[in-house]
Each structure stands twice: as C-alpha cells, then as structure tokens.
Amino acid sequence: MESQKKLVAKYAIDHYIKNNMNLGIGTGTTVYYAIKYLSEKLKSGNLKNLKFYTTSSDTKYLLSKEQIPYESNFSKLNRSLDIAIDGADEILLEKKSLIKGMGGAHLMEKVVAYNSETLLIIADETKIVKKLGTKMPIPMEIAQSAVGFIMTRLEEMNLNATLRICSEKKGPIITDNNNYILDVKMHVENPEGTEKYFKLFPGILEIGIFNHKNTKIVYYQNKQIKDA
C-alpha cells in the first residue's frame, strides 16, 4: 500500500497544486508522502510561493523536518485556502463522503478542509468502501468533562462507543486541542444527516464524517490512478 500512497500523492500534486497557492496540509501516512514530494518540487523550483497551514503537531513536525515554513495562525488569512490536501480512513465514492480521524486530528482537519475551496483527498485502494462505517468506527472529538454524558447518551442509542486509549502510556489519548476521542461503531446510511445530527450534541466538538461541498478524490484501484 505504501507504493500506492506515493503514486497518488505525486499524481495529485502534479495535477492540482499550482504556484502561489495557500494550502492546508492534513495528517496521516499518505499526507507524509505528499509533504515529501512537495519538498522536492519546492527545492527544484518547480513549485514556488506556496503557503502551508497545518492541522496537527505531527504535520508541523513533518514540514519542519523538510525545512518547509508553515503557518498555524489562521487569523492572518483574509480568504479561504485554495486546497486542503489530506488522506481518509474510509471513502464513499458515490457521495464523496469520508471518515477521517483515526490519526486524532479530525477537528482541525475539518476546520481547514471546510475553509478551503477544494478538499483534495489522496488514498490507496483499501480506503474505498460501499458504506461508511464498514471497516472503521466514527471518531468523535469530545470535551473531557462531557465524556460520561456523551457515552451514556450513545449507549441509550445502542451504539458501541469506546474511549480511545494511548498505546504508549496509561490513560486516554489527548488531542492537540486537549480533548478526548470516542470511537463509535455504526453503519452510516446518511452521511450528511449523521454529521449534522451528532454535531447538535453538547460536548461533541467534531465528528469524523466529512461532506465537503467540493471534494476531489485521487485514489488507486485496479492497478491505476483514478480521479473522482
């Protein structure tokens, strides 16, 4: 799958990224290859005058490692970003709906994505599904003080919600925004309706279902790169 990620990252950048763009940079393994290739094109002079806006501490680290300057202060922006480049955990092609957030950064990923003219998703073939929730749970970023209330409410709806635990230390994962993450198992029949519904729950700060109005998807399938 790593070779597929490299191929789609290169294709997406070659076909969609132009000089003088303001770019949002997502989080995850596929985005890692996009950053590496962007670095090559910047150093060679094939791309110029790009501004990068980050979604996580991981992204900041990767950009710093490639010696690429970035912005994390969005107050300086007076217009939308041109493109947000990101990966996905599941993709429903027919509706261009996504599950994101297994990397724990979906709150800021959505802030950046929904304030960009285009959300450019790059993915390998394992991410394509016929129904959201087939392989992955739905991540929800929640306020720490609300975890008990939210879990009780979800249990009353007969949904299996698990507090995401850190594998390298005791206790739950804390996001860059100092919140918890719940992973909720469900099959999503109506992505737009589900996104809107759970956003109404006090304490749920963001849900990892994405329905951006202008999503472009570059993915690998049947031994070729495809656009959707």
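Mentor: Glutamate 109 has a relative accessibility of 5%, and because the cut-off for a buried residue is under 20%, glutamate 109 counts as buried. This is a value computed on a predicted model, and the interest in the residue comes from UniProt, where an unreviewed entry places the feature "active site" at Glu109. Glutamate 109 belongs to helix 4, which spans residues 106-114. Leaving aside neighbours within four places in sequence, glutamate 109 is in contact with Gly26, Thr27, Thr55, Asp86, Lys100, Gly101 and Phe210.

The C-alpha atoms of valine 111 and glycine 24 are 9.8 Å apart in space, although 87 residues separate the two in sequence.

Glycine 24 leads on to isoleucine 85, which touches Ile17, Leu23, Gly24, Ile25, Gly26, Val31, Ala34, Leu38, Leu120 and Ile122, residues up to four places away in sequence not being counted. Within the largest nonpolar core, which has 26 residues, Ile85 is one of the four that touch the most other members, the others being Ile17, Leu23 and Leu38. Elements that each supply at least two residues of this core include helix 1 (2-16), strand 1 (22-25), helix 3 (57-65), strand 3 (81-86) and strand 12 (215-221), while helix 2 gives the most, with 6 residues. A second, separate core of 25 residues includes Ala143, Val147, Val184 and Ile207.

The chain is divided into domain 1 (1-130 + 211-227) and domain 2 (138-208), and the C-alpha centres of the two domains lie 24 Å apart. Contacts between them involve 18 residues of domain 1 and 19 residues of domain 2, and the area buried between the domains is about 1400 Å², with carbon and sulfur atoms giving 52% of that area. On the domain 1 side, His106, Leu107 and Lys110 lose the most area to domain 2, together 40% of what that side buries.

Definitions and conventions. Residues are numbered from 1 along each chain as its sequence is written. This is a predicted model: local features need pLDDT of at least 70, side-chain atom pairs count only at pLDDT 80 or more; totals for chains, interfaces and linings use all residues. Side-chain values use heavy atoms; hydrogens and water are left out. A nonpolar core is a set of buried Ala, Val, Leu, Ile, Met, Phe, Trp, Tyr and Cys residues joined through side-chain atoms within 4.5 Å. Buried means under 20% relative accessible area, exposed over 50%, partly exposed in between (1.4 Å probe, protein chains only). Helices (H or I, at least four residues) and strands (E, at least two) are DSSP runs, numbered from the N terminus. Contact means heavy atoms within 4.5 Å. UniProt positions are given in the numbering used here, feature names are shortened, and annotations may be inferred rather than shown by experiment. Domain bounds come from an automatic or database domain assignment. Buried area is the accessible area (1.4 Å probe) that two parts lose on being put together, summed over both.
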